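I opened this notebook to keep track of what I looked up, one item at a time.

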Amino acid sequence: MNDVLNTIDWMKVLCTLWTIVMLPIIKYAGNEFKDYAKAKKIDKYTDILYRRVVEAVKDVYETVVKDMKGSNEWTEEKQNEVKKLAKDKAIAALTISMYECLKTANTDFEKYLDSLVGTALYDLKH
């Protein structure tokens with residue numbers, strides 16, 4: 001048994017173990033951390049987007065909608081125009097990198113933004 005242990009090149013064994021076992025584990029851990037960091041970044045940007053949408057909806061409501069509501073000017077076409085204005089204001093309040101990151105993360109960003117505007121409007125009314 002001692003002869004076998006003495007003939008083993010331990011440096012080659014350690015290098016082989018490092019290559020076969022440790023490098024894949026380190027790579028996996030690195031990828032997991034990268035994915036976690038990306039998810040946290042998207043969560044942060046989503047929170048910022050919602051705050052910007054709420055601010056835009058309040059601003060548009062106070063400056064445009066409040067005076068028009070209940071009059072003949074308040075048509076469905078005007079409602080869509082005001083909704084687009086709120087969405088544009090919210091997007092303009094984001095940085096380009098935030099906007100690109102959110103748009104990449106959400107394949108149907110426009111519908112998502114529509115739902116946020118609807119939620120903010122509901123919260124404003126209630």
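This is a predicted model: local features need pLDDT of at least 70, side-chain atom pairs count only at pLDDT 80 or more; totals for chains, interfaces and linings use all residues.

Entry: I did not write up every pair, but I followed several of them.

**Entry: Lys78 and Glu81.** I looked up this pair and found a salt bridge between the two side chains, with 3.2 Å from N to O. Both residues belong to helix α3, which covers residues 76-92. They sit three residues apart, about one turn of the helix. I then checked how open each one is. Lys78 has a relative accessible area of 22%, so I noted it as partly exposed; buried would have required a value under 20%. Glu81 is partly exposed as well, at 45% relative accessibility.

**Entry: Lys84 and Asp88.** I stayed in helix α3 for this pair, whose members are four residues apart, again about one turn of the helix. The closest N and O atoms of Lys84 and Asp88 are 3.0 Å apart, and the two form a salt bridge. Is Lys84 buried, exposed or partly exposed? I found 49% relative accessibility, which puts Lys84 in the partly exposed class, since exposed means over 50%. Asp88, with a relative accessible area of 39%, is partly exposed.

**Entry: Asp108 and Lys111.** I looked up the salt bridge between these side chains and noted 3.9 Å, N to O. The cut-off is 4 Å, so the pair counts. Lys111 is exposed, with a relative accessible area of 59%, whereas Asp108 is partly exposed at 36%.

**Entry: a network.** I asked which residues are linked in a network of salt bridges. The answer is Lys87, Glu110 and Asp114.

**Entry: α2 against α4.** I turned to helix packing. Two packed helices are described by the angle and the distance between their axes. I took helix α2 (residues 10-68) and helix α4 (residues 96-105), whose axes come within 10 Å and cross at roughly 110 degrees. That makes α2 roughly perpendicular to α4. From α2, the contact is made by Ile42, Tyr45, Thr46, Ile48 and Leu49. From α4, Ser97, Met98, Cys101, Leu102 and Ala105 take part. I sorted the residues of this contact by class and got eight nonpolar, two polar and no charged.

Notes. Residues are numbered from 1 along each chain as its sequence is written. Side-chain values use heavy atoms; hydrogens and water are left out. Helices (H or I, at least four residues) and strands (E, at least two) are DSSP runs, numbered from the N terminus. Buried means under 20% relative accessible area, exposed over 50%, partly exposed in between (1.4 Å probe, protein chains only). Axes are lines fitted to C-alpha atoms, for helices over the stretch in contact, and angles run from 0 to 180 degrees between N-to-C directions. Angles under 35 degrees count as roughly parallel, over 145 as roughly antiparallel, 65 to 115 as roughly perpendicular and the rest as oblique. Contact means heavy atoms within 4.5 Å. Ala, Val, Leu, Ile, Met, Phe, Trp, Tyr, Cys and Pro count as nonpolar, Asp, Glu, Lys and Arg as charged, and the others, Gly among them, as polar.
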